[in-house]
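Here is a quick tour of one protein model for someone new to reading structures. Have a look at the fold, then follow the notes topic by topic.

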Amino acid sequence: MAIVDSIVSLFLLTMLILIVVLVFFACKPWRFLFSSRPRSSIKGNELERPLVLDDANLVHNPSSELPIDYDLEGASIPNEGYFRPPRPPGLIYKQRLSAASCHMPQDVVSVPSEDVAVGQTLKLSPAQFAEFQKHNKNFETDRLQDFVQRDIIDQRSCLTLEVITGPSRGLRCSVQSAIPSKLPLTLGRVSPSDLLIKDSEVSGKHALINWNLEKMKWELVDMGSLNGTLLNSQPIKHLDPGSRQWSNPIELANGDIITLGMTSKVIVHITSQNKIHIPFGVGMASDPMSRRRGGKKLAMEDVCYYQWPLLGLDKFGLFGVCDGHGGDGAARSASKLFPEIVANILSDSLKREKVVSLCDASDVLRDAFSQTEACMNHYYEGCTATVLLVWGDGNENFFAQCANVGDSACVMNVDDKEIRMTEDHKVTSCSERLRIEETGEPLRDGETRLYGINLARMLGDKFLKQQDSRFSSEPYISQVVHIDQASRAFAILASDGLWDVMSGKKAIQLVLQMRDKYSTDDDNSAEKIANLLLSEARTLRTKDNTSVIFLGFDTLSRFSYKAEC
């Protein structure tokens, strides 16, 4: 009996010890005794590492481990949170630095500058900065005297950056505050920076500029760059001098000089759109919508945009809608590429004069679609694209011509006549089935999709186009429409979220009713009409992203077409 009792006691003691051990490992008390920050070895992307790291020990030991949150300049293409700054509690907005209080920083670490590898950021020594200031002491002051600083008195503002010194001299980039999809505007040495500066002293992700809706001001932020950012020769940086964190936002004004590194200087041009004088009413509205009333919002894959005037072209403007599928990446790429490519094509004076003299931009639009498709590296994402080019001839005459792929559409009303400016490229449309039949591989009866997609023409989707030659990016191009004020013309560009629940004829009738309600002297009438069209699509329970651009040409006499941006 005593033996049995001993065995039972031993068993119970063993079970008790096992339970204690399990509880010990479950609670992990040792986590309070050691640092929990994970570390990982950096083995790749050596091409885009900074030449000099902040920690001297890491320079002497290339195999040292870095914290996982260490910022490698331009080491990878980011996701949508790439340009989102950290939000420390109690974020303080600094006042703008004036050119009068300029002085050079004294805390730049001196490092050797020999043997600079391609793609690396060159860190400058205090001696180099001193020599640089000696020869350029009055440079910013002289440039600033050429520009009068003006406050932005309108929410709609145009910002243009121009590189005036350094390897990328002459590079320009523009953005409008009214197009949030293009913000923030980023400056750096590696893609996808909006102002791509090929200078070894500029960090991969150097700085960004955003529009502050509350203050209605443009603001500059240093993104933890290696060599820092100067505004009117005064450094902007995080409160912690040794930190590689983002700086606090600092207000910009017209004529400011931003210095990146030693040689790259960028001048800031800010123009209020009430001075740009868009010569007709423009309204934009969009909503991701939901599959059912009160349901969760859909992912937004539409992008609508416009630019008036195009960069360096005071008589031309571009308006467009892109509807993405498989994500919004292709739509965002196309909306950024089209204004740049069209402006570049029309910068050729011969091509520009040909458009104005012949009143036909077919070749320009066709070339723009071809170049945009070539620049887009999207294999598993695609988008529709509807682009309306509007230009003036200098005699108060305006013209509009449209090009499209996909099912985003544009309709115009001129002299109370409906004009369809686009062609539907769904697989089910008669014209598209006819085109596919001419390729020698006709669709079977009842076939409404190709590889699961209901479109046969789109931008992007490179993988599908490699698999099946029936997919195309060749645009439909409309006839040119002549516009004058007497015609009371207007145009509606929208993604298929609107056209799925509304015909072009009904949309025009709604606009005519609304235009009688809203005076054409109301600066916001175009915006109100765009929002009411969007509201009507919501009422009709559309189940797709919906974006609308409305152009009201009955206000032509109110403004001159000339613009400065």
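Two strands count as paired if DSSP finds at least two bridges between them. Strand 19 and strand 24 (residues 481–483) pass that test, with 3 bridges joining them in an antiparallel run. Keep in mind that this is a predicted model.

**Strand 19 and its neighbours**

- In the pairing with strand 24, F399 has H482 as its bridge partner.
- Strand 19 also runs antiparallel to strand 23 (residues 476–477), and 2 bridges hold that pairing.
- Here N404 sits opposite Y476 of strand 23.
- Strand 18 is another antiparallel partner of strand 19, this time over 8 bridges.
- Look for T386 in that pairing: N404 in strand 19 stands opposite.
- Strand 18 and strand 19 make a hairpin with 5 residues between the strands, where G394 takes a positive phi near 90 degrees.
- Is strand 19 mostly covered or mostly open? It's mostly covered, as 8 of its 8 residues are buried.
- That goes for both faces: F398, A400, C402 and N404 are buried on one side, and F399, Q401, A403 and V405 on the other.

**The largest nonpolar core**

- In soluble globular proteins, nonpolar side chains tend to end up buried together.
- The largest nonpolar core in this model has 35 residues, and L310, F338, L389 and L459 touch the most other members.
- Elements giving two or more residues to this core include strand 15 (302–307), strand 16 (316–325), helix 8 (362–375), strand 18 (385–392) and strand 19 (398–405).
- Which element gives the largest share of this core? That's helix 6, with 10 residues.

**An open sheet and a loop beside it**

- Elsewhere, 5 strands make an open sheet with mixed pairing, in the order 6-5-7-8-11.
- Strand 5 and strand 6 run parallel and share 2 bridges, with G188 opposite L196 of strand 6.
- V190 belongs to the loop between strand 5 (185–188) and strand 6 (195–196).
- V190 counts as buried because its relative accessible area is 10%, and buried means under 20%.
- V190 and V202 are 12 residues apart in sequence, and their C-alpha atoms are 9.4 Å apart in space.

**A hairpin to find**

- Strand 3 (residues 157–165) and strand 4 (residues 172–176) run antiparallel, joined by 5 bridges.
- E162 has R172 of strand 4 as its bridge partner.
- The two strands form a hairpin with 6 residues between them, and G166 in the turn has a positive phi of about 105 degrees.

**Charged pairs**

- Side chains of opposite charge can pair when their charged atoms come close.
- How many salt bridges does the model have? The count comes to 15.
- E432 and R435 form one of them, with their closest N and O atoms 2.7 Å apart.
- Both E432 and R435 lie in helix 9 (residues 430–438), 3 residues apart, which is about one turn of the helix.
- Both are also buried, E432 at 0% relative accessible area and R435 at 18%.
- D363 and K354 form another salt bridge, at 3.3 Å between the closest N and O atoms.
- D363 is partly exposed at 47%, and K354 is partly exposed at 41%.
- K354 and D363 belong to a network of salt bridges together with R366 and E474.
- K426 and D424 meet in a salt bridge at 4.0 Å, N to O.

- D256 is in the loop between strand 11 (250–251) and strand 12 (257–260).
- D256 is buried, at 0% relative accessibility.
- The D256 side chain makes a polar contact with the side chain of N232 at 3.2 Å, and reaches the backbone nitrogen of A253 at 2.8 Å.
- On the surface, L10, L13, L16, I17, V20, V21, F24 and F25 form a nonpolar patch, with about 790 Å² of accessible area together.
- F25 is part of helix 1 (residues 2–27), and F25 counts as exposed because its relative accessibility is 51%, while the cut-off is over 50%.

Technical notes: Residues are numbered from 1 along each chain as its sequence is written. This is a predicted model: local features need pLDDT of at least 70, side-chain atom pairs count only at pLDDT 80 or more; totals for chains, interfaces and linings use all residues. Side-chain values use heavy atoms; hydrogens and water are left out. Helices (H or I, at least four residues) and strands (E, at least two) are DSSP runs, numbered from the N terminus. Buried means under 20% relative accessible area, exposed over 50%, partly exposed in between (1.4 Å probe, protein chains only). A polar contact is a pair of N or O atoms within 3.5 Å; within protein, one must be able to donate a hydrogen and the other to accept it, and residues adjacent in sequence count only if both atoms are side-chain atoms. A salt bridge is a side-chain nitrogen of Lys or Arg within 4 Å of a carboxyl oxygen of Asp or Glu. Patches are made of residues with over 30% relative accessible area and no salt bridge: like charges are joined within 9 Å, nonpolar side chains (Val, Leu, Ile, Met, Phe, Trp, Tyr) within 5 Å. Accessible areas come from the Shrake-Rupley method with a 1.4 Å probe; for residues, only the protein chains shown count as cover. A nonpolar core is a set of buried Ala, Val, Leu, Ile, Met, Phe, Trp, Tyr and Cys residues joined through side-chain atoms within 4.5 Å.
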